[in-house]
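This report goes through selected parts of one structure, one topic at a time. Please keep the sequence and the 3D view open while reading.

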Amino acid sequence: MSTARILTLVAVLAGLATTAAGQTPAATDQPAALPGMSPGDAVQPVYDQEIFAHGMFSQLEGRWNGSNTQFRWEGQGWVGTDLDKLWIKSEGTLLSNGTLDDGQHQFLYSRAVTTYFDLQAGLRSDIDSRPTRNWGALGIQGLAPYFFDLELTGYASDEGHLAAKLEASYDLLLTQRLILQPQIEVNLYSKADPSRMVGAGFSDIDTGLRLRYEIDRKFAPYLGVVYEGKFGQTANFARRAGESTGDVRIAFGVRVWF
Amino acid sequence: MIASLYRALMIGLLPIALIACMSPGRPTVADEGAAVPLGVDLGGSGPVMASAPQAATRPAFAAEGRVSHPQQGSEMQMAHEGRNDAHGIGTVNSVDPAQHKINLSHQPISELGWPSMTMDFSVAATIDLKSIKPGTRVNFTIEQQPGGMYEIQAIAPAGGGR
Amino acid sequence: MIALRISPLSGPTLCRRRFMQGAAAAGALSLLPWPLRTALAAPAPVLSGTEFALAIEPVPVTINGRAAMATGVNGQLPAPILRWREGDTLTLAVTNRLNEPSSIHWHGVRTPSPMDGVPGLSFRGIAPGETFVYRFPVHQSGTYWYHSHTMFQEQTGVYGAIVIVPKGGYAQAFDRDYVVLLSDWSFEPPKTIVSNLKFQSDYYNYRQRTLGTFVEDAEKKGLTAAVADRLEWGKIRMSPTDILDVSGATYTYLINGQAPGANWTALFRPGERVRLRFINGSSMSIFDVRIDGLPMTVVQADGNDVQPLTVDEFRISVAETYDVIVQPKVDRAYTLSVQPEDRSGYARGTLAPRPGMASPIPPMDPRPMRTMADMGMGSMDQGAISGMGSMGTMPMNRGTVQHQPTPAMAQGSMQGMKTDRGDTSGMPGMEANPEAKKLEGSVGVDNVAMMPTERLNKAGEGFPPGRRVLTYADLRALKPGSDLRPPTHEITLHLTGNIERFIWGFDGKKFSEAGPIELKRGDRVRFVLINDTMMEHPIHLHGLWSELENGHGEFRPYKHTINVKPGEKLTYLVTADEPGRWAYHCHLLYHMAAGMFREVHVA
């Protein structure tokens, strides 16, 4: 990754952060000191800019297609206030032959911009058993009308490649604790990347239907059916390497958050 | 190898799931055999005066403040010497001549087993409060009065800072 | 000040460190000076006089058989009942024996500003180990309460009742007198509760719409109507099942600190008049209160006398108080039934001639659902039977209150209210809300009530038909107000929130994002509140009376806490006769903590 590109990315992020900080309102001015208070005391009647932190694995599962098993995770975490957060996102699949596939890890700064959506910017690193790639990321995440959870992110790598990812899911409550969740993730790339077996255009889809039981809000085992598919040039790469281009598997895992 | 790892993980998750079942906030079975808690009767209304409905009054408050007087003098003032007196050292926060009390922040008083505290003390009537300045570090002795409250019997500036 | 809060995986909350604190506190009891020691050694449920020593400290409690460490006063939960006399000057030495700062606020009691107990506005709080001496005269009477105004101590047990005996005697006679302090208790630490809500705002809602309820709806209303309903709510990303943010999923509801199984009992002799002083000292729970088989005569609201009126049930929002007089004539037990508005649990007590008696607990009332009127879309109730249950009051300018049934359909709000302004232009019940458009779409706002309704004569949702339920329109002060000037200006505030992110505020802004509301001493001002959210908010102004304009002219009730219904618009008059920096906030504790707070500065 060239220095110039890295510096540009850092500058953009710094710019975003300072704009955000500038817009973050200052605490109310304290007029004359109260009895028992010295001027400049920081005591507030309420503290509404608290920092919270949460992490969640939306997928932590074994996937079995009758002959071999894979292990997949997809998780997110954030720390921050109502308006500003730092996010970490990670996903990957551990294949039955011991290699790591589809590793994507993102480190983002997130700013709440509308009622339901955040604007996110940062870095994505594809780290798995294949050669590593680094990208700058810019996207939105939030709750779309009709309660669809939506993530749409665009990426630009230092070699001039562009990419995009769309993730959506929906929680259908069958009962108060039994929830059916269709989920879909689609990746696009502007140029082929043969060493990562990724082709141009629509590259792959990872979609599933998971039925979870919320023993507790924070712990819900689930059973599901997932489909991983490759398209176009990516499918060609896969066929040439003797791998499948479409795979249906049974998934069993747990959805946890803290 | 992956398969066996995965199987182990899934088996391991089962007890975790059972433990997680015991989430907080689900009330357990009610107490049995305990005596029924009774409400405390605050008493009746007493004779009702027909002409005295509740008024939604809006009083304006006079400023309630602590009055402090600048003082001079550094002699010890003593009401009496008592064998039951406990000794303390502390800082005067404020003086209330109207009620003949001072508010002190004092160090632990080992004779009484008191931790360091800030509290009001009545002062023996013979002690002149005019010579006690807020902010002064003082030595003092206190004695328990028949009513149970502690009263300052002797007080003098201790010298040194706060 | 920024603090890092990482909520752990759910688990038991009895923290060893806090338990040791409690043991140490008990041991330290013997070392205290005599007057304090007497007060603390024998937990006294009632403290009287003019000098008080209160210690805020960890208190071990057992609720429903489960032990926990609460924060209480003088070793008790709830805190001791303080019994004052109107006209006395009080001295209250409050010692903080917690590991964190604390404070006590005397809710509804008018004190000089430095004695009001709000850290950051009245004083800097009471540091651990410190004693703060409150001193103020009492010029009012009635039922009030006191609680911590620091962090979440109000949730963990620092709350108690205040009974101020009137100088001139009571307006109505009664033979017995009980405090009924309603509260909510969770074994989860309050910081965890807030953290959970920040991640998943419907965390505690276990009565959401499901496929099952959809099938039921389709059977009742038809498939098309059910689908249209789901799409209507889905489009705005709201759920009509959002009643209370924190529910019985984590709460145990208490009467005077007792769980339903304990069966708190108030004794009476048949034929006696019993005064019950209801206080909602909870953090997040709005309660519907009734006594099965016994009508209640409401005589006081928020400590001020009102024209007595008899009801079967009343809804008491957080921080409100209602004094009622009942006269049970039969030698039997009566069940005091207290249900939170979302029906996710209950609190229960008994009125009986002898201890140990109990009466069957009546079945739970229907669970309310939000309507499009609650979203501020005017009052077109979609087939909901909300108007039927409550018998509203048509205010008469002559000053007498008569009860008349409101028509079944939503025309009740179309007739609207004759406000003090005499504003009956067009449709008095519904008013357009153009300036609120600006708030739409911002991070702190998820809804703007386009047509907020004035509906003080409606009790709310969730009452079965045929019950007389108290409404704000029913409250008529016994004595005319002391300041008859009309207001010189109006202050309009929108109650806003983003439930998905769990952000709450006024006009789309949190406390830290806004400045104080400035008033001059002696000002007579009208506050106009428009609730853009779909939840009730009990709005409390410290230090000054809020005179609710409910159509009774100069006999409008003096309140300290006013519950604004979803999508509702109401107004009240305030005379700024006491200088100081006064807190003004929603009394739902986690809303206040999330930013629904303002300073009202009277210069």
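Predicted model: local features only at pLDDT ≥ 70, side-chain atom pairs only at ≥ 80, totals over all residues.

## Chain A in outline

Chain A contains 2 helices and 13 strands. Of its 258 residues, 34% are buried. Among the contacts in chain A with a separation of 6 or more, 43% are between residues 24 or more positions apart.

## Helix α2 of chain A

Helix α2 of chain A spans residues 232–240, and Q233(A), T234(A) and F237(A) are buried in it. These three cover an arc of only 105° around the axis, so they are on the same side of α2(A).

Just after the helix comes G242(A), with a positive phi of about 80°.

## A six-stranded sheet in chain C

In chain C, 6 strands make an open sheet with mixed pairing, in the order β23-β22-β25-β30-β27-β28. The edges are β23 (503–506) and β28 (558–559); each has a single partner strand, so one side of each has no neighbour in the sheet.

Within this sheet, β25 (residues 524–531) and β30 (residues 569–575) of chain C run antiparallel and are joined by 7 bridges. R526(C) has L573(C) as its bridge partner in β30(C). In general, strands of a sheet pair through backbone hydrogen bonds, either parallel or antiparallel.

## A five-stranded sheet in chain C

Another open sheet of chain C has 5 strands in the order β24-β32-β31-β26-β29, again with mixed pairing. Here β24 (517–519) and β29 (561–564) stand at the edges, and because each has a single partner strand, one side of each is left without a neighbour in the sheet. On average, neighbouring strands of this sheet are turned by 20° against each other, direction ignored.

I539(C) has I562(C) in β29(C) as its bridge partner.

## Helix α3 of chain C

Helix α3 of chain C, residues 190–199, is mostly covered, with 7 of its 10 residues buried. The buried residues include P190(C), I193(C) and L197(C). K198(C) is also one of them.

Most residues other than glycine have a negative phi, and most peptide bonds are trans. M197(A) has a positive phi, near 60°. This residue is in the loop between β10 (178–189) and β11 of chain A. M197(A) counts as buried because 20 other C-beta atoms lie within 10 Å.

F502(C) also has a positive phi, near 55°, and lies in the loop between β22 (489–498) and β23 of chain C. With 24 other C-beta atoms within 10 Å, F502(C) is buried. A cis peptide bond, with omega about -5°, joins L77(C) and P78(C). P78(C) is in the loop between β4 (66–73) and β5 (79–85) of chain C.

## A partly exposed loop residue

Where is R332(C) found? This residue is in the loop between β19 (321–326) and β20 (334–340) of chain C. R332(C) is partly exposed because 13 other C-beta atoms lie within 10 Å. From R332(C) to A583(C), the separation is 251 residues in sequence and 45 Å in space, C-alpha to C-alpha.

Technical notes
Residues numbered from 1 in each chain as written. Chains lettered and ligands numbered in written order. Helix = DSSP H or I, 4+ residues; strand = E, 2+ residues; numbered from the N terminus. Buried ≥ 20, exposed ≤ 12 C-beta atoms within 10 Å, placed from the backbone. Pairing = 2+ DSSP bridges. Contact = placed C-beta atoms within 7 Å. Axes fitted to C-alpha atoms, helices over the stretch in contact; angles between N-to-C directions. Arc of directions from axis to C-beta.
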